Amino acid sequence: MRGEVVPLREDALPDDAPGADARLAQRRRAVRLEAALARLPDAQRRVVVLHHLQSVALADIAKDEG
């Protein structure tokens with residue numbers, strides 16, 4: 001019928017997961033990031049990971065590292 005609203009089944013909804021190309025690009029970025037972090041001295045790597053990846057405030061890091 002025209003104008004009739006038919007609800008979608010949950011299994012008919014589009015998949016929001018990233019496609020293969022996006023997953024591959026994300027993995028490549030992760031590999032490059034891991035390689036760059038591995039080149040840093042331990043103390044610098046710890047600060048970068050804590051602040052940029054774990055969102056720890058710089059003041060808190062300074063307190064703990066100092």
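I started with the secondary structure, and the chain comes to three helices and zero strands. From the N terminus on, I read the elements as α-α-α. Helices here are DSSP runs of H or I with at least four residues, strands are runs of E with at least two, and both are numbered from the N terminus.

A note on the source: this is a predicted model, where local features need pLDDT of at least 70 and side-chain atom pairs count only at pLDDT 80 or more, while totals for chains, interfaces and linings use all residues. Residues are numbered from 1 along each chain as its sequence is written, and side-chain values use heavy atoms, with hydrogens and water left out.

**Overall shape**

Along the principal axes, I get a C-alpha trace of about 70 × 25 × 15 Å.

How much of the chain is buried? Buried residues make up 3% of the 66. My cut-offs: buried is under 20% relative accessible area, exposed is over 50%, and partly exposed is in between, with a 1.4 Å probe and protein chains only. The chain exposes about 6,100 Å², and carbon and sulfur atoms supply 55% of that. These areas come from Shrake-Rupley with a 1.4 Å probe; for residues, only the protein chains shown count as cover.

**Charges and salt bridges**

I counted 11 positive and 11 negative side chains, and the centres of the two sets lie 8 Å apart. Lys and Arg count as positive, Asp and Glu as negative; His and the chain ends are not counted. Each charge is placed at NZ of Lys, CZ of Arg, CG of Asp or CD of Glu.

Searching the whole structure, I found four salt bridges. The criterion is a side-chain nitrogen of Lys or Arg within 4 Å of a carboxyl oxygen of Asp or Glu. I wrote down these pairs, among them one in H2 and one in H3:

- Arg27 and Glu34 meet at 3.9 Å, N to O. Arg27 is partly exposed at 47% relative accessible area, and Glu34 is partly exposed at 47%.
- Asp42 pairs with Arg45, with the closest N and O atoms 2.2 Å apart. Both lie in helix H2 (residues 42–53), three residues apart, about one turn of the helix. Arg45 is partly exposed at 24%.
- Lys63 and Asp60 meet at 3.6 Å, N to O. They sit three residues apart in helix H3, so about one helical turn separates them. Lys63 is exposed at 63%, whereas Asp60 is partly exposed at 35%.

**Helix by helix**

In H1 (residues 20–39) I checked Arg39. Arg39 has 65% relative accessibility, so I log this residue as exposed. Arg39 and Arg27 are twelve residues apart in sequence and 19 Å apart in space, C-alpha to C-alpha.

For H2 I checked the span. The helix has twelve residues and reaches 15 Å from its first C-alpha to its last, close to the 16 Å expected at 1.5 Å a residue. The expected span is 1.5 Å times one less than the number of residues.

Most residues other than glycine have a negative phi. Ser55 is found in the loop between H2 and H3 and is exposed, with a relative accessible area of 65%.

In H3 (residues 58–65) I picked Ala59. Is Ala59 buried or exposed? At 56% relative accessibility, Ala59 counts as exposed.
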